[in-house]
Amino acid sequence: MDASAQQRKARTCNLIFIGNSITEGALHTNKAKTAPPVFAAEFVGKALSCNVNFRNCGRSGATTVDFRPDQNKDFKRVKKAIDDIQALSYEPIIFS
């Protein structure tokens with residue numbers, strides 16, 4: 001691995017996924033291994049040659065409104081995901 005590739009691999013990408021049952025992987029037998037965010041995080045890691053920290057905050061039945069802070073619903077889970085990732089890395093967090 002050349003120096004440039006090593007430098008890229010040392011980078012970290014932080015991702016938080018919000019969404020509904022598709023994001024959650026509601027119909028997956030083992031959603032921790034097969035939900036769409038798992039594959040997306042793996043893809044990003046390979047495509048960018050970087051380490052990836054991610055959290056899946058998808059919830060069956062959720063809508064965009066449920067993730068707003070003023071709704072006091074799913075935002076709590078997102079805030080916890082932010083705190084968890086920031087404990088690992090201070091790189092920017094990308095939401096999907």
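**Exercise 1.** Work out what covers the buried residues of H4.

*Solution.* Start with the ground rules: this is a predicted model, where local features need pLDDT of at least 70 and side-chain atom pairs count only at pLDDT 80 or more, while totals for chains, interfaces and linings use all residues. Residues are numbered from 1 along each chain as its sequence is written, and side-chain values use heavy atoms, with hydrogens and water left out.

Step 1: helices (H or I, at least four residues) and strands (E, at least two) are DSSP runs, numbered from the N terminus.

Step 2: pick out the buried residues (under 20% relative accessible area, 1.4 Å probe, protein chains only; exposed is over 50%, partly exposed in between). In H4 these are Pro37, Val38, Ala41 and Gly45. Viewed down the H4 axis, they sit within an arc of 110° (taken from the directions from the helix axis to the C-beta atoms), so they line one face.

Step 3: look at the cover, which includes strands E1 (12-17) and E2 (51-56) plus helices H2 (21-24) and H3 (31-34).

**Exercise 2.** Check the span of H4 against its 13 residues.

*Solution.* Step 1: the expected span is 1.5 Å times one less than the number of residues, which gives 18 Å for residues 36-48.

Step 1: the end C-alpha atoms of H4 are 18 Å apart, so the two agree.

Technical notes
Contact = heavy atoms within 4.5 Å.
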